[in-house]
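Reader: Hey, I'm new to this one. Can you put it up and walk me through it?

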Amino acid sequence: MLSFPDSVDVVVIGAGLAGHCAALAAAEAGASVALLEKTGRYGGSSITAGGSFAFSNTEAQRAAGIQDSDELFEQDLHKAANGKCDPQLIRTYLRHQHAAHAWLMERGVEFHKVSLSSSTSVPRTHPTNPKQLMAALHARVEATPGLSWWSGAAATRLMTSQDGGEVTGVTVVRDGVEKKLQAKRGVVITTGGFSRSPRFIEKFAPELATAPAWGGEGNTGDGLIMGWALGADVLDTGYVTGTYGISINHYPDLKSRPGDEPYLRMANYRGAIVVNLDAKRFADESVSYKKLGTLTLAQTNAVAFQVFDQKIMDQSAVAPNINDFKGVLELGMIRKADDLQALAATVGLDGATLEATLKNYNANVASGVDREFGRETLGGGFGKPVEINTPPFYIFPCTTAVLSTYCGLRTDTDARVVNVFGESIAGLYAAGEATGGFHGAGYVSGSALGKAAIFGRIAGRNAAARVAATGRQQ
Ligand SMILES: Cc1cc2nc3c(=O)[nH]c(=O)nc-3n(C[C@H](O)[C@H](O)[C@H](O)COP(=O)(O)OP(=O)(O)OC[C@H]3O[C@@H](n4cnc5c(N)ncnc54)[C@H](O)[C@@H]3O)c2cc1C
């Protein structure tokens, strides 16, 4: 059996998507690599995600007759970020996206039919099954010489050279024992966000303190803390928001139970309306699920129901899983009835009000003007709203949850961590959700997995290529 190493070229902390990409890229560049994972399993948030990657101007889009361009994608990213992102990081994403997409496919990741999601002006979601995505990459990790991965191995602190100028390794707690692991070339932080840290949610987004947290179970901001301790700058902390569309698995019981998984479903981008406990609409359902998330938190009990008909159910698809309405119907989380009165009764809404809401909405769709909330499209400016009038009808009780935090360590285009003085910290890299500066004040669906893969690869490659300062002391 392999014993835990004392020293490798590159240490990667966190075995989600960014960590797998960083570790593989570093090993493929010839470095010896240790991939550390704090929990008992690989995958983090990545393995429970929707599985959607945002890429523009791809062969898959062209084959589906979708006209897109990198410029349009760049505009969408800036628009969603509300101008708060680092334009250089966006350009780096665009420049490397096709290579990353191809690299993932070459490593066995299967992409499904392109689809529409939140904040994209054309269908740009390249769906994967997240379990297949991570299993394919993990099989590569297991098979790559010079790359070892360690579960139950929590990095706790970064080690530095005596003058503090260079990161030289990490301390790791494994089986209750602290070990020192030297990194001869670099350390890559890929510890994900902090959705599971009540302390950080309270610090950066107190309004989300009562929202369910569904990110990876080990996502408690450890990388942020380790970077901070060395003076790393932190970006986008003011923009942590919840995500709308998360199942309430045992409705009307609002609490989750041990073993529950979150189901993120978005029938609204297929034409569903969203109503509150008064059976009334409260938003333009085409807006981003982040905006809908904030609006839902303001509704009674933070509950909002997606209401749709058979036409929309017929569009159910297994990938991206946000469109897998049938799967969630089979689990009993979507309720079904032949008429609206009976549908309302399945979740305790007032039937007459729900009927009136639908009647009004359908009249608005027929007239081409949504007089209540100005909905013009299915989502992100794409597609036309449809009347909801074909029985049977469906209703999905859902809420807003903290899935991802999308803020964190400042990095440059080489994925080097940058300190509060704007200087890169020698030997320290970061990628994925542990980093800030890319999403700014908003979020384009699919860009988090895209970012994890693209910058994970950049970080791994650059760490592997780095020459440590000569004569450094451990
Ligand atoms: C339900 C859900 C749906 C989503 N859907 C999408 C989607 O469709 N498209 C999209 O782009 N984004 C989506 N996201 C967001 C996206 O999944 C994440 O932003 C992305 O997976 C982050 O990848 P990562 O590798 O940075 O982090 P993660 O995949 O979260 O991996 C981080 C890993 O680091 C480990 N770790 C933490 N601390 C330590 C430590 N001290 N030592 C060792 N290991 C540590 C964690 O246990 C974890 O395994 C979704 C998120 C959720 C929760």
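Author: By class, the shell around the ligand has 16 nonpolar, 22 polar and four charged residues. Here Ala, Val, Leu, Ile, Met, Phe, Trp, Tyr, Cys and Pro count as nonpolar, Asp, Glu, Lys and Arg as charged, and the others, Gly among them, as polar. This is a predicted model: local features need pLDDT of at least 70, side-chain atom pairs count only at pLDDT 80 or more, and totals for chains, interfaces and linings use all residues. Residues are numbered from 1 along each chain as its sequence is written.

Reader: Which residues come nearest to the ligand?

Author: Of the 42 around it, Gly14, Gly16, Gly44, Gly218 and Gly432 come nearest (near means a C-beta atom, placed from the backbone, within 6 Å).

Reader: And which helix gives the most to that shell?

Author: Helix 13, with four residues. Helices are DSSP runs of H or I, at least four residues, numbered from the N terminus.

Reader: Switching topic, how is the protein divided?

Author: Into domain 1 (7-238 + 404-465) and domain 2 (243-401), with bounds from an automatic or database domain assignment. Their centres, taken over C-alpha atoms, are 31 Å apart.

Reader: What about the largest nonpolar core, which residues touch the most other members?

Author: Val10, Val11, Val33 and Val188, out of 140. Such a core is a set of buried Ala, Val, Leu, Ile, Met, Phe, Trp, Tyr and Cys residues joined through C-beta atoms within 7 Å; buried means 20 or more other C-beta atoms within 10 Å of a residue's own, all placed from the backbone. Helix 13 gives the most to this core, with 10 residues.

Reader: Where does this core lie?

Author: Both domain 1 and domain 2 give residues to this core, so it lies between them.

Methods. Helix = DSSP H or I, 4+ residues; strand = E, 2+ residues; numbered from the N terminus. Buried ≥ 20, exposed ≤ 12 C-beta atoms within 10 Å, placed from the backbone.
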